Amino acid sequence: MIDLKENLVSRHLVFNEKNKVNKGIEGMRQEAIEIFNQKGFPTRKDEEWKYTNLAPLLKVDYKLFPEDEVAVEYKDIKKYLINEIDTYTIVFINGKYSAFLSNTTHDEADICVLSSAIHKTNHQGVIENYYGKIAKKDESLVALNTAFAKDGAYIYVPNNVILSKPIQIMYFSTGASQEAMYQPRNLVVIGDNAQAQIIERHQTLDAKANLTNVVTEVNVGRNAELHWYKFQNDTDETSLIDNTYINQERDSRANVFTFAFGGKIVRNNLNFYQNGENCNSVMDGITVIDGKQHVDHHTFVEHNFPNCESHELYKGIYDEKAQGVFNGKIYVHKEAQKLNAFQQNNNVLLSDGASIYTKPQLEIFADDVKCSHGCTVGQLGEDSLFYMQQRGIPKKEARAMLLYAFASDALRHVEIPQISNRVNALIAKKLGVSLDFEL
C-alpha cells in the first residue's frame with residue numbers, strides 16, 4: 001500500500017533541487033519538511049480532526065508534482081467566473097499560471113503570481129516580511145504546503161489605494177493522467193488605508209479525485225479593508241484543505257465569506273489574529289451539501305488588543321448522508337478589554353442520515369468584554385411548511401423558500417450584488433428548484 005507521507009518526504013530533496021529559489025525559502029522548505037516528517041497527516045486521534053477523517057484520501061496514488069500541459073479555453077471555465085463584473089483575474093491550470101486566461105496588473109497594485117514576485121528584487125521586502133510569517137509553521141498541513149509550494153497568487157496593494165475592481169483567483173485542474181495533489185500558496189498584503197475585494201475558487205473540470213492543500217497568508221494594514229469570497233462547489237470526488245491566516249493591524253476590517261456547496265471532503269481552517277486596537281473581523285458562511293459530502297469549518301479568532309470586534313455566523317443545510325462540522329474558537333487575552341465578540345452556528349438537517357457536529361468555544365481572560373456564542377440543530381417546521389402550502393405554494397418550493405430565509409443572514413455583509421445572486425442560484429440548484437427572488 002502507498003505511504004503518502006513517506007513518498008512526499010523521500011521526494012522532497014529532488015523537488016527542492018529542481019525548484020531552487022533563494023536560500024531563505026529553500027531553508028524554510030527544509031524546516032517545513034522536517035516538521036511534516038515528524039507530525040505526519042492529522043488523524044482522528046487529534047482533537048481538532050476528531051470528526052474529519054483524511055485516511056481515505058491518503059490511499060490515493062497522487063501525482064505529486066503535476067506538470068500536465070492541457071489546452072484550456074475561456075469557454076471551458078467561463079461558467080465558474082463571476083462574469084457580470086469587471087475584475088482582475090489570476091488563473092492557474094494544473095498548478096501552472098495561465099497568462100492567456102488571466103488579466104493581471106502592476107499599475108494600481110501588484111496583482112501577479114508568487115513565483116514571479118519571489119524572483120524580482122522589487123518584491124523582496126514584502127516577501128521577506130510576510131511570506132511564511134503569518135501561517136503557523138508547526139501545523140503539519142501548513143508545513144507540507146511550505147515544503148512543496150511552487151506558485152500561487154501574489155497581491156500587494158500599496159498604501160492609500162482602493163482597488164478599482166475585484167480580483168478573482170481561480171485554480172482549475174483537468175486532463176491529468178492520474179489523480180494529482182496540489183499545494184497552491186497565496187500571499188496577500190493590503191497596505192495602510194487600502195481596500196481590496198477577492199474571489200477565490202478551486203475547481204476540477206473532470207472526474208479525477210484530486211486533493212488540494214492550499215495556504216493563504218494575508219496581512220491587512222492599518223485602517224485597511226478586505227472582503228474575501230470563497231466559492232467551494234467542486235465534484236463529489238475532489239477534496240480541498242483550505243488554510244487561511246489573516247493578520248490585522250490597528251483599525252482594520254477583514255471579512256471572509258465561505259460558500260461551501262460541494263466536494264468529497266472540504267476542510268476550512270480560517271484564522272484571524274487581531275494585532276491592533278479597533279480591529280473588526282467578520283466570518284460568514286453558508287453550507288448546503290448532500291449525498292456523502294463532508295464539510296468541516298474550523299475558525300479561530302485571537303483578540304490581543306482592546307476595543308475590537310469579531311462577528312461570526314455560519315448557516316448549514318444538510319441532506320441525505322451529508323456530514324458537517326463546525327468548530328469555532330474565540331480567544332480573548334487579558335489585555336483585550338472592551339471588545340465585542342459574537343459567534344453563532346445554525347443548522348438544518350433535512351434527512352435522518354444527515355449529521356452535524358458543532359462546537360462553538362470561548363476562552364476569555366479579560367473581565368470587561370461582551371462575548372456570546374451558540375448553536376442550533378433542527379429540522380424544518382412542519383407548521384410553517386403547511387402554512388405556505390395552504391397558500392398555494394407547492395411543497396418543494398415552500399421548503400426551498402424556508403431554507404432561503406434560514407440562510408439569508410449569512411449574506412448580510414456581502415458588498416457585491418452579483419456574488420449574492422450567484423450564491424442564490426447555487427442554493428436553488430442544490431435544492432432542486434428555480435425561484436425568482438433574492439435573499
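A disulfide is a pair of cysteine sulfur atoms within 2.5 Å. The views below show a predicted model, in which local features need pLDDT of at least 70, side-chain atom pairs count only at pLDDT 80 or more, and totals for chains, interfaces and linings use all residues. Residues are numbered from 1 along each chain as its sequence is written, and side-chain values use heavy atoms, with hydrogens and water left out.

**View 1. Cysteines without disulfides.** The structure holds zero disulfides. Cys-308 is in none; its nearest cysteine sulfur, in Cys-279, lies 4.6 Å away. Cys-308 is buried (under 20% relative accessible area; 1.4 Å probe, protein chains only), at 1%. The sulfur of Cys-371 is 12 Å from the closest cysteine sulfur, in Cys-308, which is too far for a bond.

**View 2. The annotated span, residues 177-406.** An unreviewed UniProt entry lists these residues as "domain: SUF system FeS cluster assembly SufBD core"; such annotations may be inferred rather than shown by experiment. The end C-alpha atoms lie 42 Å apart. The span is 9% helix and 59% strand (DSSP runs: H or I, at least four residues, for helices; E, at least two, for strands).

**View 3. Helices H8 and H9.** The axes of H8 (residues 382-390) and H9 (residues 395-407) come within 9 Å and cross at roughly 125°. Axes are lines fitted to C-alpha atoms over the stretch in contact, with angles from 0 to 180 degrees between N-to-C directions. H8 contributes Ser-384, Leu-385, Met-388 and Gln-389 to the contact (heavy atoms within 4.5 Å). H9 contributes Lys-395, Ala-398, Arg-399, Met-401 and Leu-402.

Notes:
Buried < 20%, exposed > 50% of the residue type's maximum accessible area, 1.4 Å probe, protein only.
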